[in-house]
Amino acid sequence: MPMSPRPSRRPVLLAGAFTALALAAGAACAQAQWPAKPIHFVVPFSAGGANDLMARAAADGASKALGQPIVVDNKPGAGAMLGTDVVAKSAPDGYTFLVSAAGVVSNSMIRKVPYKDSDLVPVAMIGLAPSVIVAPANSPYKDLTDFVNKSKQGQGLHFATAGTGSTPHFVEGLLEKNYGAKLDVVPYKSGSESITAVLSGQVDATSEASIVVLPYIKAGKLKALATTWTQRISAYPELPTAAELGFKDIRIAHWAGVHAPAGTPPAILDKMAEAVDKAMKDPATVQRLKGMGIEPMGGTRASFVKFVDEERARLGAVVKATGMKEE
């Protein structure tokens, strides 16, 4: 009995190929049309701080460049992990971004986090608020060198931080491990609490963002010992950097950048990076931020990836050397 011919599977294959092509074309079209609706910037801190102010400046300028509103959502809590986790678990469609800070690099080094570092990818640098080491206005320390030298006498000095893994904690760790400073860490829940402790003379010093401390310094309520960034602060150029005083390893700032969920199309990431860069080069924005002690940065996506990689390596070394971990 002759065998009946086997049914051809070609139509099925063609249909499957057509579906794949249609999906690919749809995705490409969506990327080309992005953004087609409002974008959200998730800020993992409360409103009013340096990170929030930089986020709003970037959102305002980037929204004009992209032609869609950018909504700033403040989701503070758990040392910035709450808002970070929201973005890490968001759809990679270009409509949810994280306004990141140093914690996006260091949190996983010192505590358990509900996401993986690889769940987020760097997009753009917004700017930074250089950290300033400050002491009470009536303190006897002339500068950072004098402070470190005096800390080595007797039982040492008290240094306030905004908690484990905060920028002031890294400054303290670098001073102690790299330069022999004798410091007793006094952790507070926030930078504002640590500044209050310095103002009242409860502790000998702390390190906090320029935008926070400059008003107190200019009012004569705090004494600035050094800034911890690579350049002097535009709004307070008379203050030397720690490197100028011989502390070349003290290089840290309160920075803000943009991260996206992993898997977000590169074309969208590039467009957002270009929009943020344009926003940070707007003359009015530059003047406004520099007046508050914030240095606008911008740059390319590649330059921010490089910055994040370098910070991860540098801060990781500090964590290892100091044994820094969650209390």
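Trainee: Which helix supplies the largest share of the lining of the largest pocket?
Mentor: This is a predicted model. Six elements each supply at least two residues of that lining: α2 (50–66), α4 (103–110), α6 (167–179), α7 (191–199), β7 (205–209) and β9 (253–261). The largest share is 4 residues, and it comes from α2.

Trainee: Which residues lie nearest the centre of the largest pocket?
Mentor: The pocket holds about 990 Å³ of space. Its lining has 40 residues. Those nearest the centre are F45, A162, S166, G191 and H254.

Trainee: What is the volume of the largest cavity?
Mentor: Count the cavities of 30 Å³ or more, and the structure holds 1. Its lining includes P44, F45, A80 and T84. The volume of the largest cavity is about 30 Å³.

Trainee: Which elements each supply at least two residues of the lining of the largest cavity?
Mentor: Start with the residues. L98, S100, G103 and V104 are among those that line the cavity. By class, the lining has 6 nonpolar, 3 polar and no charged residues. The elements that each give at least two are β3 (96–100) and α4.

Trainee: At what angle do α4 and α11 pack?
Mentor: Helix α11 covers residues 301–322. α4 passes α11 in a right-handed crossing. On the α4 side, V104, V105, S106, M109 and I110 make the contact. Their axes lie 9 Å apart, and the angle is about 35°.

Trainee: How many nonpolar residues does the contact of α4 with α11 have?
Mentor: From α11 come V308, E311, R312, L315, G316 and V319. By class, the contact has 2 polar and 2 charged residues. The nonpolar residues number 7.

Trainee: Which residues of α4 are buried?
Mentor: Look first at what covers them. The cover includes α3 (81–88), β3, β4 (120–136), α6, β9 and α11. The buried residues of α4 are V104, V105, S106, N107 and I110.

Trainee: Why does D146 count as buried?
Mentor: D146 sits in helix α5, residues 144–151. Leaving aside neighbours within four places in sequence, D146 is in contact with P140 and Y141. Buried means under 20% relative accessible area. D146 counts as buried because its relative accessibility is 14%.

Trainee: How do α2 and α9 cross, left-handed or right-handed?
Mentor: Helix α9 covers residues 266–280. The axes of α2 and α9 come within 8 Å and cross at roughly 115°. The crossing of α2 past α9 is right-handed.

Trainee: How many charged residues are in the contact of α2 with α9?
Mentor: From α2 come A57, A58, G61, A62, A65 and L66. They meet K271, M272, A275, V276, K278, A279 and M280 in α9. By class, 10 are nonpolar and 1 is polar. The charged residues number 2.

Trainee: What percentage of the residues of the chain count as buried?
Mentor: The chain has 11 helices and 10 strands. Its C-alpha trace spans about 105 × 50 × 30 Å along the principal axes. Of the 327 residues, the buried share is 49%.

Terms used
Residues numbered from 1 in each chain as written. Predicted model: local features only at pLDDT ≥ 70, side-chain atom pairs only at ≥ 80, totals over all residues. Heavy atoms only, no water. 1 Å grid on protein atoms, 1.4 Å probe; cavity = no way out; pocket = protein on both sides within 12 Å on 5 of 7 lines; lining within 4 Å. Points joined across faces, edges and corners; volume = space filled by probe spheres on them. Nonpolar A, V, L, I, M, F, W, Y, C, P; charged D, E, K, R; others polar. Axes fitted to C-alpha atoms, helices over the stretch in contact; angles between N-to-C directions. Left-handed = near helix turned anticlockwise from the far one by under 90°. Contact = heavy atoms within 4.5 Å. Buried < 20%, exposed > 50% of the residue type's maximum accessible area, 1.4 Å probe, protein only.
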